[in-house]
Amino acid sequence: MTSRMTDTRRHGWSVTVLLALFALACGGGGSDPGPSDTGTSQPPPGDTPALTRTVVLEGLSSPWDIAFSSDGAMFFTERCRGLSVRRADGSVTRLFGTSGSALVAPDLVCVGQSGVHGVALDPAFATNRTLYVYMLSNLTTSPRTNRVVRLVVNSGYTSAASRVDIITDIAFKDAGNAVGSAGAHSGGRIRFGPDGFLYVTTGDNHNPTLPQSPTRLGGKVLRVTTSGAAAPGNTPPAGFDARIFTYGHRNVQGITFRPGTGQPFTSEHGPNHSDEVTPLVNGRNGGWDPKDRPALSCPDSYCGYAGNPSTMPMTDVARFPTAMLPSWSNNGASQGMGPAEFLVGSQWRGWNGRLAVGFMGGSRLSILELDAAGNATSVVNASLPSARYRALTLGPDGNLYVATDAGEIWRVVPSAGSS
Ligand SMILES: [Ca+2]
């Protein structure tokens, strides 16, 4: 392993930290034991990219998601503030959210884990300047709801306007209960798929019946048009809300689309066990059902923390024999799996096509190699600092951008490692 570190200043406010480190190949064992985490293969020497990390922004307030336009403008959300943009010249404008934003959202509320979450740009953003934000609102509804709002940004990236709330009825945990505080498990990642439709991840709100509810939008992955209508081709079971793409989820924190196939893969928090990566199949059940488990003690009827991988599985194939199986799970202990992003491009060398997954409690970025079916065959941990990895987005420059709960956004640049 070789390493060097250099500090410089950019734009007068950002600190550049250069870490030219070989990624450590930590193997599939280590801290994540489990039957689907058993690979130990390692790219050949020189095929693993060296990673250079630059702090692009710092001092942010709980940054939650990142999205880029093709000209290099970087949009980012802060959970209790709203949406901002960093233009290619490094200047930053607060576009939408609390007081001080170009467009104020007086209904924006920030409760526990909830507030402003995902951001996604319209596939035609270059011409229609439209983007989408997932946020908690107290507007006109009781109880409050998570919703997806559509905005139009001006050509200079200085203002936002034309707000339309395209989904208004995503379940929110409005009050605390015996298993946790208000605002828990809101999901909130939003991404356009290669099919041009918007995928929206939601959470179970510590509500025992939400994940398997056919009509309520908690514990789901939704697939909708840019107007929020059910996307054509969704195939949930009869009687389900037509916006539902998959159901039976706990708290989906990441969604990304596999290069080549376009299949969506999710990353999902486990309870005290079993974070999961799952290749999604249209209309199918993720197998999370934290209700009606008489053998367990379930405070406020929520069994989600009561059991173990056998008695309260993240994917209950006994109840749901056709449930989607995870392609990777750290069965031994949940480590707060957060975002997921496929790495794409030859600049990623041996990691091209692999799945990057961030952990919050686990404080690391893991790189999963997948076989043709999507099952993980090896896992290595990137040589990057310990942090709560909240967001991962591949930029138009081919580099990986990371938001951490400590308030930073990093640029991670791959390059050839020394041999
Ligand atoms: Ca599952």
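This is a predicted model: local features need pLDDT of at least 70, side-chain atom pairs count only at pLDDT 80 or more; totals for chains, interfaces and linings use all residues.
Residues are numbered from 1 along each chain as its sequence is written, and side-chain values use heavy atoms, with hydrogens and water left out.

**Figure 1. Overview of the chain.** The secondary structure comprises 1 helix and 28 strands; helices (H or I, at least four residues) and strands (E, at least two) are DSSP runs numbered from the N terminus. Of the 419 residues in the chain, 60% are buried, where buried means under 20% relative accessible area, exposed over 50%, and partly exposed in between (1.4 Å probe, protein chains only). The accessible surface amounts to about 14,800 Å², and 52% of this surface belongs to carbon and sulfur atoms; accessible areas come from the Shrake-Rupley method with a 1.4 Å probe, and for residues only the protein chains shown count as cover. Among contacts (heavy atoms within 4.5 Å) between residues at least 6 apart in sequence, 58% join residues at least 24 apart.

**Figure 2. The calcium site.** The calcium ion has as its protein donors E276 (OE), G286 (O), M314 (O) and T315 (OG1), at 2.4 to 2.9 Å. Donors are N, O and S atoms within 2.8 Å of the metal (3.2 Å for Na, K and Ca); water is not among the atoms, so sites may look incomplete. Along the sequence, the spacing of the donor residues is E-x9-G-x27-M-T. E276 belongs to strand β20 (residues 275-279), and G286, 10 residues apart from E276, to the loop between β20 and β21 (328-330). E276 is buried, at 4% relative accessibility, and G286 is buried as well, at 6%.

**Figure 3. The disulfides.** The structure contains 2 disulfides, each defined as a pair of cysteine sulfur atoms within 2.5 Å. With bonded cysteines counted along the chain, the pattern is 1-2, 3-4. C80 is partly exposed, with a relative accessible area of 33%, and C110 is partly exposed at 31%. In the other disulfide, the sulfur atoms of C298 and C303 are 2.0 Å apart. The torsion about the S-S bond of C298 and C303 is about 105°, and therefore this disulfide is right-handed. Both C298 and C303 are buried.

**Figure 4. The nonpolar cores.** In soluble globular proteins, nonpolar side chains tend to be buried together. A nonpolar core is a set of buried Ala, Val, Leu, Ile, Met, Phe, Trp, Tyr and Cys residues joined through side-chain atoms within 4.5 Å. The largest such core has 21 residues, of which F75, L83, L95, F96, L131 and V133 touch the most other members. At least two residues of this core come from each of β7 (82-86), β8 (92-97), β10 (116-121), β11 (130-137) and β12 (145-153). Apart from neighbours within four places in sequence, the contacts of L131 include F75, L83, V149 and L151. A second, separate core of 19 residues includes I367, L384, L392 and L394.

Figure 5. Q253 is in strand β18 (residues 252-257) and is buried, with a relative accessible area of 3%. The side chains of Q253 and N251 make a polar contact at 3.2 Å; a polar contact is a pair of N or O atoms within 3.5 Å, where within protein one must be able to donate a hydrogen and the other to accept it, and residues adjacent in sequence count only if both atoms are side-chain atoms. Beyond four places in sequence, the residues in contact with Q253 include W64, H269, M337 and R390. Y389 lies in strand β26 (residues 389-394) and is buried, at 0% relative accessibility. Y389 and S363 are 26 residues apart in sequence, and their C-alpha atoms are 6.5 Å apart.

Figure 6. Most residues other than glycine have a negative phi. R129, in the loop between α1 (125-128) and β11, has a positive phi near 55° and is buried at 14% relative accessibility. S301 has a positive phi of about 65° and is partly exposed, with a relative accessible area of 49%.
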